[in-house]
There are 2 protein chains.
Amino acid sequence: MHRGGVLAIGEFSRLTHLSVRTLRRYHDAGLLEPAIVDAASGYRYYTAEQIPTAQVIHRLRELDVPLPDVQRILRSPDPGARAALVADHLRRLEAELDRTRAAVVSLRRLLQPAQPPLDVELRAVPATTVAAVEDDVALDDVLAWYAGATAELDAAVDAPTGPPGGLYDNALFEDGRGHVLVHRPTAAPPRVGRVHPVTLPAVELAVTTHAGDHDDIAVTYGQLGSWVVANALAVAGPVRETYLVGPRDTTDPTTWRTEIGWPVFRVTDR
Amino acid sequence: MHRGGVLAIGEFSRLTHLSVRTLRRYHDAGLLEPAIVDAASGYRYYTAEQIPTAQVIHRLRELDVPLPDVQRILRSPDPGARAALVADHLRRLEAELDRTRAAVVSLRRLLQPAQPPLDVELRAVPATTVAAVEDDVALDDVLAWYAGATAELDAAVDAPTGPPGGLYDNALFEDGRGHVLVHRPTAAPPRVGRVHPVTLPAVELAVTTHAGDHDDIAVTYGQLGSWVVANALAVAGPVRETYLVGPRDTTDPTTWRTEIGWPVFRVTDR
DNA sequence: ATGCACCCTCCCCCCGGGGGAGGGTCCAGG
DNA sequence: CCTGGACCCTCCCCCGGGGGGAGGGTGCAT
């Protein structure tokens, strides 16, 4: 079992609290190579110096860092770069936590027995030319992208003639990636950096207003969807949000108001 | 595409932000049966009334509730029972969050360039008879089990002759389930409820002391493991912890002290 | 009647593990 | 030196909750 301070896989497992199976997997993945592999028998032998490495892997895995990322972290020799990669992951965990919190809020509202009825208005919107920033964005990156885009938009537009808005492609929610556009109406849309004029087509919108922060905005979306179907309409095109009152206006989330407009067309009943 | 307020799967997907694939999977799993399935074509048709259900599923999945549990929640008609099941899951999320926090603390300590050397003592411990509570426990349940067992132990032992301690089977960490024993030394161990006398065998222990709360105790375990190997010893039996200073003594975690003793035997060098 | 968007099923892949089969190795005791 | 048992090896299948893509049927407007 022992040859001069070298550990068989079972012993190493006991010392690191990683299962034998998992240690073998980490070997195959090139994450944690045994110090010695007996060529004849295939036996893996580890040294005590490998214990800290095994522990780092263990903790990273507890944080759900994917194995390739763990490898990248271990391979980066500079402690600074290593810390940066770890911090990067911690930010991702934080974002996930936010999503979890939002899901809990939504769920609470959904499970409430009495759902207040929704005020929905059918509104014909003419074609409008606005200053816009647009791109193909992954769902996970939408928030960060939105922050950058609005900042650029705000800097480029001097005299807005209305509140900012956004268009969100359905593919964003169905495939996790889609076209996103944020805009601000203004008399003469400039062309600066990513900001450029865009003419939004005329549409008929089913419009409702969501109150509060966006944690449970998906619930309002669902209710609007129900209304659309109940009124024999079908969805046609990217959803339009208008930020009537938002964090730019007040820090009190309960006063925030977001208008949700779903482009619709009348279904010829048959 | 439309037949009297009934939605094809694509339309329903757009309305609920669930992918078509996922909706089909939920159908197969019996989670969300379409209102109508065309017998000839196999086409699935949904109604607007199913949107809230789809949303509940979506939120639960965002909370990583397994599909069978989602089904259980949906099937429970009583809102109270439903809320209890959800609350149960939220507790599990909370526990996971604790583990994540601990992993971050451990990682921070592991990635610190300078590791202070560990004070380890080799100590021969004679056989002792103690009052104990023991059971086979899953790793996830250890904390809850420990709380119950110590409470029972404290109530049963009047005149302890030393601090409380615990024995943790290696299988607990390797297989996620193992034998756990908590004890308190006393002159005449009683036999009350789960509390009974146990004679702990004499062992040679490699002993070190962990300072602070247990978030990063795994790191100390690893360092002790390194020391054990470096001193040509091998692990033999369940680890022994002794809670010198703990939450029972003070609320300040920085003053807590846990003695970790790893049973060892000398390796005949060859 | 034709085009085309939509829908169907079926199979394989992803990740990070676990279970178990079937067989080789190490080593202490006799 | 032999034997038994603990230990180790590889290989294949399974899990959950999806995604990609092939190959083929349907619904409906023009």
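Begin by selecting A:Leu15, A:Thr16, A:His17, A:Gln55, A:Arg59, B:Ala218, B:Tyr221 and B:Gly222, which line the largest cavity; on a 1 Å grid over the protein atoms alone, a cavity is a set of points where a 1.4 Å probe fits but cannot get out, and lining residues have an atom within 4 Å of a point. The model is a predicted one, in which local features need pLDDT of at least 70 and side-chain atom pairs count only at pLDDT 80 or more, while totals for chains, interfaces and linings use all residues. Residues are numbered from 1 along each chain as its sequence is written, chains are lettered from A and ligands numbered from 1 in the order in which they are written, and side-chain values use heavy atoms, with hydrogens and water left out.

Stay with the cavity for a moment. Its volume is about 30 Å³, the volume being the space filled by probe spheres set on grid points that are joined across faces, edges and corners, and the structure holds 1 cavity of 30 Å³ or more. Colour helix H1 (9-16) and helix H3 (51-62) of chain A together with H8 of chain B, the elements that each give two or more residues to this lining; helices (H or I, at least four residues) and strands (E, at least two) are DSSP runs numbered from the N terminus. H8(B) gives the most, with 3 residues.

Next, select the interface, where contact (heavy atoms within 4.5 Å) takes 46 residues from chain B and 46 residues from chain A. The two chains bury about 4500 Å² between them, 71% of it on carbon and sulfur atoms, where buried area is the accessible area (1.4 Å probe) lost on putting two parts together, summed over both. On the side of chain B, pick out B:His17, B:Arg59 and B:Val229, which lose the most area to chain A, together 13% of what that side buries. Across this interface the rule finds 0 salt bridges, a salt bridge being a side-chain nitrogen of Lys or Arg within 4 Å of a carboxyl oxygen of Asp or Glu.

Finally, turn to the whole structure, where a search finds 26 salt bridges over all chains. One of them joins A:Glu152 and A:Arg194, with the closest N and O atoms 2.8 Å apart. A:Glu152 lies in helix H6 (residues 142-156) of chain A and A:Arg194 in the loop between strand E7 (177-185) and strand E8 (196-200) of chain A, so the pair ties together parts that are 42 residues apart in sequence.

Conventions
On a 1 Å grid over the protein atoms alone, a cavity is a set of points where a 1.4 Å probe fits but cannot get out, and a pocket is an open set with protein on both sides within 12 Å along at least five of seven lines; lining residues have an atom within 4 Å of a point.
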